[in-house]
Amino acid sequence: MQLRRLFSTDSVKGSKGYLDSQKKYEVIRTVLYFGISLSLFVAGYLQTKDKANLLTIVAVLGCLPASKSAVSAVMYLRYKSLNGQTAEKIEAHCQGLACLYDMVFTSYKKNFVVGHLAVCGNTVCGYSEDSGFQEGEFGRHIDGILKMDGHKGVTVKIFTSLSKYTERLDQMRELKEEAGTGAVLVTLKSVAL
């Protein structure tokens, strides 16, 4: 956790720039883990002049968390954070709304990258830079997750047009804050990468 703080203040899931900072963190952590295993192996070999020693066993076991970290790094390397200029345009329209940035939702069939999400009560709206975003499939996936977590009647709409999304954000700001916003946010954060 301390290593993550060294690289960026954006390392909290749902914050602006999360995916880019998480990429750096995961890659550096993976290199460190493999470096520790390699150094243990080399130290054992230099001491005994034989590969069959206790430090070799420790080094091999150290490859397990290193490999897990490598898988995580590969997952994060596939995605990028929301464009900075786009994020600035969205920020101008979402004051007072509960928002999440850089969310990647995984399902059995497809991964869904949502650059920005805004939640107000039972209304979830988002923006994706992917023009081929499959909103229907995403809506069914998230709706099922929200229902399993006890959130009934939540509407989910993802926009690929920035102007339409900012219009919807302005409309959402006029709605009064409803109970359940925080719980929906927690659920969304818990199922995202």
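**Charge and rings**

Analyst: The charged end of K157 sits over the ring of F159, 5.2 Å from the ring centre, where the rule asks that NZ of Lys or CZ of Arg be within 6 Å of the ring centre and within 35 degrees of the ring normal. This is a predicted model, in which local features need pLDDT of at least 70, side-chain atom pairs count only at pLDDT 80 or more, and totals for chains, interfaces and linings use all residues. Residues are numbered from 1 along each chain as its sequence is written, and side-chain values use heavy atoms, with hydrogens and water left out.

User: Why is the pair of Y18 and Y76 classed as it is?

Analyst: Rings of Phe, Tyr and Trp (its six-membered ring) pair if their centres lie within 6.5 Å, and planes under 30 degrees apart count as stacked, over 60 as edge-to-face and the rest as tilted. Y18 lies in helix α2 (residues 18-48) and Y76 in helix α3 (residues 54-77), 58 residues apart; helices here are DSSP runs of H or I with at least four residues, strands runs of E with at least two, numbered from the N terminus. Because the ring centres of Y18 and Y76 are 6.2 Å apart and the planes stand at 80°, the pair is edge-to-face.

User: Which residue in β2 stands opposite L100?

Analyst: Strands β1 (residues 98-106) and β2 (residues 111-120) run antiparallel and are joined by 8 bridges, two strands being paired if DSSP finds at least two bridges between them. A hairpin joins β1 to β2 through 4 residues. The residue opposite L100 is L117.

Conventions: Buried < 20%, exposed > 50% of the residue type's maximum accessible area, 1.4 Å probe, protein only.
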